[in-house]
Amino acid sequence: MGATISEKILARHAGKASVKAGEVVVAEIDFAMVTDTRAANTIKMIGKLGDKMLPFAKNTALVLDHYSPPPNLEAAEIHSSMRAFSKERGTKLYDIGDGICHQVLPEGGHLTCGDLVVGTDTHSVTYGAFNALGTGIEGTDVSAVMMSSKLWFRVPETVRVELRGELQPGVWAKDITLAMLGRFGAEGLNYHAIEYVGSAVAAMDIDDRMTLCNHAAELGAKAAILEPDEKTFAWLRAHGAKTPLPTYADADAHYAKQVVIDAASLAPQVARKHEVDDIVSVTDIDRQRIQFALIGTCTNGRLDDIRQAAAVLKGRKLAAGVRMIVTPASRQIYLAALREGLIEILTEAGASFESAGCGTCVGITNHLVPGDGDTVISTANRNFKGRLSNKNADIWLGSAATVAASALTGFITDPRTVAGGTWRSAA
Amino acid sequence: MSASNKLIKTGTAFILGDDVNTDINCSNKYLPGKDIAYVAAHAFDALAPTIAADIAAAGGGILVAGDHFGINSSREQAVHVMRAMNIQAIVARSFGRQFFRNAINNGMPLFECDTRSIQAGQMLEIDFSSGVLKIDSQPIQSAVPLPSEILAILSMGGLIPFLQKYPDWNFA
């Protein structure tokens, strides 16, 4: 019997001809990442290992993104310890403002097709956009990797999701991932790897493919992975990645489930307040007022997201009473948006820009605290009650186009109904 | 793997429900500055108000839960807290993916099976190598046994002691 992409990558990294779902393997890692939320625990666990060499440190990046910039002394001290650890042990370091881990790893050329990549964050599944198996781990795991370059894995079952047709203008990967959450529920694909295939995936640019894989974390997925194509290879080349090892599923691979979604008929989707899997079509929302609009996070803080917002808001103003924050996913994206004039367009429209990082997704920098009774529409991946430090505020989720259209009107709005809301890259 | 990795745990059943978030209920993520002993004394308070005290009074036990125990981006500190509570093992219908890793890496045995028939206070005996759970001495549940690699890590008390003994993972 044939193998799925995840089975092939795990088998190759475990030095085996084949592996099967449920089996436990010890696999060689290609690259590892530690964020500032788990760095203190990681450094503690490395201390427990004793006086060990860390030969894999050179293939590990420490990323100061969640507490960026640090909101208090405790966070600042964690950052100081990360800088010292990095210098002493020889890891790579991405400092505050450089960007979110899941953006700076691919941008830095640290991964390529066929790789096995681990990071101390559940959204490490994002690397599947580049045909790499990326998955989230904790401090003990990454300590083991830094010491031995290996880690144990239980081989996941794979679910194959075929996206037929092409998304309509104004509909994005975010809308597919929200529809998937509506269908399977939060954690509904716990332990599983997802393979997204089909014409709608082929038509997506890399930014949207990263969203597609990133949001699989909310489904509980261990990985979400795409087959590579010329767009993948060109992007990786442009970012200095090493030679790719393209990995494809066999025609007779075994899947736990096979699902078909008609991408062409999909309308923009939104997650209603508090529940990431309470999903409705934006066309079913009637006069839901908003006070805050956020574009950013590792899910939707990329250049195409900022372009969507600029297309809607160029030469216009935010609706009265609406505040808007844009947080680019990385310094490189910030610079690209600057050079394209997008920052000027959005700033004139009334939006504010934050330095690249995770702070406006999860309320740990307190740079975005909604007031009591406020409704936030956000491109983030989670909307749990209180996630932005106020249990009396509501967070809804949608694509960058939906968020921008909503910021323009003051109500949750179908982007296809406003000028510029169906913008799509000419590439 | 040799029979030396036989792993059996016994204890009284303490019951929790579905979707237990161990970051919220069993870590200091939302209790900044509180140590493991404090968190252990108050763990799961919001879900089962006396469970931490009851487990302490019994000298430990086995946690029994429904789906997705340890859901979301679980911190491994939760397992350190549970070990401080003298929890011997956790039985659930399923575990959050990261929690599953954290438990194995920190020496906490896990057993996946249908838990609906287990009542609070029953005596459980779990043989992780054969995949048999006995409830009040009646062997009525079976699940897939833990793979030998995981039994090896658990029998050493977790991944760090394991790697101190087998730095090249060559334990087979």
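**Notes on strand pairing, a helix pair and the A–B contact**

1. β17(A) pairs in the parallel sense with strand β18 (residues 394-397) of chain A, over four bridges; pairing here needs at least two DSSP bridges between the strands. Within that pair, S378(A) sits opposite L397(A) in β18(A). Helices (H or I, at least four residues) and strands (E, at least two) are DSSP runs, numbered from the N terminus.

2. Keep in mind that this is a predicted model, where local features need pLDDT of at least 70, side-chain atom pairs count only at pLDDT 80 or more, and totals for chains, interfaces and linings use all residues. Residues are numbered from 1 along each chain as its sequence is written, while chains are lettered from A and ligands numbered from 1 in the order in which they are written.

3. β17(A), residues 375-378, also pairs with strand β14 (residues 292-296) of chain A, in the parallel sense over three bridges. Here S378(A) in β17(A) has L294(A) opposite.

4. Helices α6 (residues 173-184) and α8 (residues 206-214) of chain A pack at about 15 degrees with axes 8 Å apart; axes are lines fitted to C-alpha atoms over the stretch in contact, and angles run from 0 to 180 degrees between N-to-C directions. So α6(A) is roughly parallel to α8(A), the label for angles under 35 degrees.

5. Now the chain contact: 24 residues come from chain A and 22 residues from chain B, contact being C-beta atoms, placed from the backbone, within 7 Å. On the side of chain A that touches chain B, α5(A) gives the most, with six residues.

Technical notes:
Contact = placed C-beta atoms within 7 Å. Parallel < 35°, antiparallel > 145°, perpendicular 65-115°, else oblique.
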